[in-house]
Amino acid sequence: MSMLDVNGLNVWFGKNRDRVDAVKGATFDVGQGESFGLVGESGSGKSTILRAITGLAPNWSGAMTLDGKPIGKKRPKEFFKTVQMVFQDPYASLHPRHSVDQVLGETLHLHGFKDIDTRVVKLLDDVGLGQKFRFRYPHQLSGGQRQRVAIARALAPEPELLLLDEPTSALDVSVQAEILNLLADLRNDRGLTYLMVSHDLSVVGHMCDRLAVMKDGEIVEILDVAALRAMNATHTYSKQLLEASL
Ligand SMILES: Nc1ncnc2c1ncn2[C@@H]1O[C@H](COP(=O)(O)OP(=O)(O)OP(=O)(O)O)[C@@H](O)[C@H]1O
């Protein structure tokens, strides 16, 4: 069964002459436990799809369902127990004056957990940081460590679906693989479902089962990773993208 089903999604910003149609008629589904990639050039609408799913892009039409239930205009609190997002830039996504303990503790509190201490310790272990990072502030962490905290925060409500918006592109090349391996391990251990945006085909080839290629707001092709590895795309633009990635 589909974890996420997106059907004829249109997303726009602004009005009249200022209107930008960022996503046009996007249709795809992400199976339970699947890792699905969205690739394409800058401005093709990849992040906007994630933002529409989480309610950060309010102007949309079409149909989206999560676990078979329609996603409406307002997201109830339970929605964010199932769906969490990890942003590209952990420098921007963590409050500079909140310690790691506050970041995780407040998220757990918000989601109604009582055994907060135990869970904070467990989350830090799960993302490979450990307790010594618990009372540090973002400026005392490296980029990779900050992204681990952001991943721990996303895992706190025990979600089923993680929306990953270029989760390694703001990091040093040397730590990108560590974070990708962490995400792959977490998916294996917890049976998570991923919807992952990347402009890097090698990242998607490593992390995803299937991918959608986007251009100018439209999905031009959906490929499985075997077809990606075999350079077996049908659409001209996907072919160009594959060739450019060599
Ligand atoms: N808040 C906004 N207001 C107006 N236009 C926006 C807004 N957010 C995105 N857009 C426009 O929507 C289009 C799609 O942007 P989006 O960020 O989804 O692309 P992307 O494929 O994720 O690119 P990138 O890899 O650079 O993040 C672009 O033309 C962008 O300028």
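Predicted model: local features only at pLDDT ≥ 70, side-chain atom pairs only at ≥ 80, totals over all residues.

Entry 1. Strand β1 covers residues 2-13 and strand β4 covers residues 60-66; they run antiparallel, and six bridges join them.

Entry 2. Then I checked what the whole sheet looks like. Four strands make up an open sheet, and reading across I get β2-β1-β4-β5, with antiparallel pairing. Which strands stand at the edges? They are β2 (20-31) and β5 (69-70). Each has a single partner strand, so one side of each is left without a neighbour in the sheet.

Entry 3. I also looked for a helix on this sheet. Helix α1, residues 46-54, packs on it and touches β1, β2 and β4. I compared directions too: α1 makes about 75 degrees with β2.

Entry 4. On to a helix pair. Helix α4 (residues 100-110) packs with helix α5 (residues 116-126) at an angle of about 125 degrees, and their axes are 10 Å apart. Parallel, perpendicular or oblique? With that angle, α4 counts as oblique to α5. The crossing of α4 past α5 is right-handed.

Entry 5. Who makes the contact? On the α4 side I list Asp101, Leu104, Gly105, Leu108 and His109. On the α5 side I list Ile116, Arg119, Val120 and Leu123. Sorting the residues of this α4 and α5 contact, I get five nonpolar, two polar and two charged.

Definitions and conventions: Residues numbered from 1 in each chain as written. Axes fitted to C-alpha atoms, helices over the stretch in contact; angles between N-to-C directions. Helix = DSSP H or I, 4+ residues; strand = E, 2+ residues; numbered from the N terminus. Parallel < 35°, antiparallel > 145°, perpendicular 65-115°, else oblique. Left-handed = near helix turned anticlockwise from the far one by under 90°. Contact = placed C-beta atoms within 7 Å. Nonpolar A, V, L, I, M, F, W, Y, C, P; charged D, E, K, R; others polar. Pairing = 2+ DSSP bridges.
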